[in-house]
Amino acid sequence: MITRLILVCGLPGSGKSFFAKQLSKKIQSAYFNSDICRKELFPNHRTYSEKEKQSVYDALLSSTETNLIHHTSVILDATFYKNSLRIPFYNLASQLNCPCSIIYISAEEVLIKERTSQIRENSEADYSVYLKLKDVFEAIEKPHLKLQSTNNNIDTLLSTSLTFLNHEQK
């Protein structure tokens, strides 16, 4: 597979992190997660302020650039709820002449409520955060793959995404 950038985005509890980790293993790419990055940058106290969010996305952009320059594909796992957060990654891919694919993960709201009520490995977002981000999530204007996760369809999601990525490559 060619070196590429893959943005995996969606609301909290959608299953994007589980999916993105599995996809990164399948295609042997670097994997970066905004929640992990946030905890590394702000280990003691996280405010989720706009300034803090921008610091996280800036750090992700830097790590992405380093990997892409060294011909390592990258999967970025983040909400990407604003176009302004996505654009620097689109621009980086364009500057490096690297394909940029976008995969949007969603789930039924009842499942999201269930998932966000449980303690998850890296995410601190609960259902109230989901509701807040749902109201402000800006539509993805570029062509992208939309997938809906359930608790038992990861193989189908991976198969569909690999077909999508292979088709985009041509």
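**Exercise 1. Determine what covers the buried residues of helix H5, and where these residues lie on the helix.**

Solution. Step 1: The cover of the buried residues of H5 includes strand E4 (100-107), helix H6 (127-136) and strand E5 (145-149). Helices (H or I, at least four residues) and strands (E, at least two) are DSSP runs, numbered from the N terminus; contact means heavy atoms within 4.5 Å. The model is a predicted one, in which local features need pLDDT of at least 70 and side-chain atom pairs count only at pLDDT 80 or more, while totals for chains, interfaces and linings use all residues. Residues are numbered from 1 along each chain as its sequence is written, and side-chain values use heavy atoms, with hydrogens and water left out.

Step 1: Helix H5 spans residues 109-116, and its buried residues are Leu-111, Ile-112, Arg-115 and Thr-116. Viewed down the axis of H5, these buried residues fall within an arc of 125°, so they line one face of the helix. The arc is that of the directions from the helix axis to the C-beta atoms. Buried means under 20% relative accessible area, exposed over 50%, and partly exposed in between (1.4 Å probe, protein chains only).

Step 2: An α-helix has 3.6 residues a turn, so residues three or four places apart point the same way.

**Exercise 2. State the order of the strands in the open sheet and identify its edge strands.**

Solution. Step 1: The five strands of the open sheet follow the order E2-E3-E1-E4-E5, with parallel pairing. The edge strands are E2 (30-33) and E5, each of which pairs on one side only. Two strands pair if DSSP finds at least two bridges between them.

Step 1: On average, neighbouring strands of this sheet are turned by 20° against each other, direction ignored. Axes are lines fitted to C-alpha atoms, for helices over the stretch in contact, and angles run from 0 to 180 degrees between N-to-C directions.

Step 2: Helix H1 packs on the sheet, where H1 touches E1, E2, strand E3 (74-77), E4 and E5, and the direction of H1 makes about 175° with that of E3. Helix H3 (residues 50-69) lies across E1, E2 and E3 and runs at about 175° to E2.

**Exercise 3. Describe the pairing and the burial of strand E1.**

Solution. Step 1: Strand E1 (residues 5-9) is joined to E4 by five bridges, and the two run parallel. In E4, Leu-7 has Ile-102 as its bridge partner, Val-8 has Ile-103, and Cys-9 has Tyr-104.

Step 1: E1 also pairs with E3 in the parallel sense, over four bridges. Here Leu-7 stands opposite Leu-76 in E3.

Step 2: Five of the five residues of E1 are buried. Leu-5, Leu-7 and Cys-9 point one way from the strand, and Ile-6 and Val-8 the other way. In E4, six of the eight residues are buried, so E4 is largely enclosed by the rest of the structure.
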